[in-house]
Amino acid sequence: MKKILLGLIFLCSILTYAQDSGENSLGTWHMYFGTNKVSDKCSIHTEGQLRYYEQADNFNQLLLRTGLNYHINPDAIVTMGYGYITTDGTFEEFPGEANSREHRIFEQLILKNKVWEFLFEHRYRLEQRFLDFGETTDTQHRSRYRIQVTLPLTDIFFLNFYDEIFLNLQDDVFGQNRLYAALGVNVTDNLSVQAGYLKNHFPSANFDRLQIGVTYNPDLRGIFKKNDSGS
C-alpha cells in the first residue's frame with residue numbers, strides 16, 4: 001500500500017507539473033514576416049511575433065526582429081540582424097513577476113533549391129543572446145538549422161513544412177526542436193497567409209501551438225530610386 005500511495009503521489013506531481021508548465025494547453029503564435037526589397041541586391045527583413053500559452057490568451061513572448069539581407073543570387077541570401085524579445089517564462093501568473101528581456105544579434109545564410117515541384121530552403125543561423133532576467137544577466141550563443149519544404153498545390157494554395165533544430169554552444173548541446181506543417185494561401189504576388197500546427201520539443205517539455213502567419217514582401221526599389229533622383 002505504501003508503494004502504491006507513493007506511486008500515486010509521484011504521478012500526481014508529474015501531472016501537476018505538466019499542467020503548471022502549460023504543456024496541456026494549446027497555445028497560439030501570431031506572426032508577420034516581410035522582405036522589403038530596397039535595391040537589386042539588398043532588402044530589409046521585418047518580423048513581429050506574439051506568442052501565447054493559450055488561445056490568444058496568457059502572454060508568453062513578444063519577438064521583434066529586423067535585418068539587412070544581401071541577395072548573392074536568387075537562391076542564396078546572407079543576413080545580419082537584430083532581435084528584441086521579452087518573455088514570460090511561466091504558464092502560471094504570479095503577482096509582481098517580471099518578464100525577461102533579450103537583445104539578440106544573428107548572422108544567417110539561406111540556400112534554396114527545387115526538386116521536381118518541391119521548393120527546398122535551408123536556413124543556417126548563429127545567434128548571440130544577451131539576456132536580462134532582472135536580478136541577473138547572461139550571455140549565450142547557439143546555432144540553428146531549418147529545412148523547409150514548400151509544395152504548390154495550385155497558383156493560390158500551397159503546403160509548407162519545416163523542421164528546425166536549436167543547438168547550444170555552451171552547457172547542454174540540445175536546445176529545442178520545432179516541427180511544423182501548414183496550409184498557405186497566396187493572396188497576391190507578394191502577400192500570403194499560412195495557418196498551421198507547431199510541435200515544439202524541449203529537453204523537459206513539449207508544447208503544441210497553432211500558428212497564423214502573414215508574409216508581405218513589397219518591392220520598394222521604385223521609392224528609393226525616386227528619392228535618389230530627387231536628391
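**Salt bridges and strand pairing**

Trainee: Is Arg142 buried or exposed?
Mentor: In this predicted model, Arg142 has a relative accessible area of 8%. The cut-off for buried is under 20%. Arg142 therefore counts as buried.

Trainee: Which residue meets the side chain of Arg142 in a salt bridge of 2.5 Å, N to O?
Mentor: The limit for a salt bridge is 4 Å. At 2.5 Å, N to O, the pair meets that limit. The partner of Arg142 is Glu127.

Trainee: How many residues apart in sequence are the parts that Glu127 and Arg142 tie together?
Mentor: Glu127 belongs to strand 6. Arg142 belongs to strand 7. The pair therefore ties together parts whose separation in sequence is 15 residues.

Trainee: What is the relative accessibility of Glu127?
Mentor: Glu127 also meets Arg125 in a salt bridge, at 3.7 Å from N to O. Arg125 is buried at 5% relative accessibility. Glu127 counts as buried too, and its value is 0%.

Trainee: How many bridges join strand 6 to strand 7?
Mentor: Strand 6 covers residues 118-132, and strand 7 covers residues 137-152. They run antiparallel. Asp132 stands opposite Thr137 of strand 7. The number of bridges joining the two strands is 14.

Trainee: How many salt bridges does the structure hold?
Mentor: Some of the residues are linked in a network of salt bridges. Among them are Glu102, Arg104, Arg129 and Arg144. Arg123, Arg125, Glu127, Arg142 and Glu164 belong to that network as well. For the structure, the count of salt bridges is 14.

Trainee: Which side chain does Arg146 join in a polar contact of 2.7 Å?
Mentor: Arg146 sits in strand 7. It is buried, with a relative accessible area of 11%. Leaving out residues up to four places away in sequence, Arg146 touches residues including His122, Arg123, Tyr162, Asp163 and Glu164. The side chain in the 2.7 Å polar contact is that of Glu121.

Trainee: What is the bridge partner of Leu183 in strand 10?
Mentor: Strand 9 spans residues 174-188, and strand 10 spans residues 191-202. They pair in the antiparallel sense over 11 bridges. The two form a hairpin with 2 residues between them. In strand 10, Leu183 has as its bridge partner Ala195.

Trainee: Which residue of strand 11 does Leu191 stand opposite?
Mentor: Strand 10 is joined by 12 bridges to strand 11, residues 205-216. The two run antiparallel. They form a hairpin with 2 residues between them. Opposite Leu191 stands Tyr216.

Definitions and conventions. Residues are numbered from 1 along each chain as its sequence is written. This is a predicted model: local features need pLDDT of at least 70, side-chain atom pairs count only at pLDDT 80 or more; totals for chains, interfaces and linings use all residues. Side-chain values use heavy atoms; hydrogens and water are left out. Two strands pair if DSSP finds at least two bridges between them. Helices (H or I, at least four residues) and strands (E, at least two) are DSSP runs, numbered from the N terminus. Buried means under 20% relative accessible area, exposed over 50%, partly exposed in between (1.4 Å probe, protein chains only). A polar contact is a pair of N or O atoms within 3.5 Å; within protein, one must be able to donate a hydrogen and the other to accept it, and residues adjacent in sequence count only if both atoms are side-chain atoms. Contact means heavy atoms within 4.5 Å.
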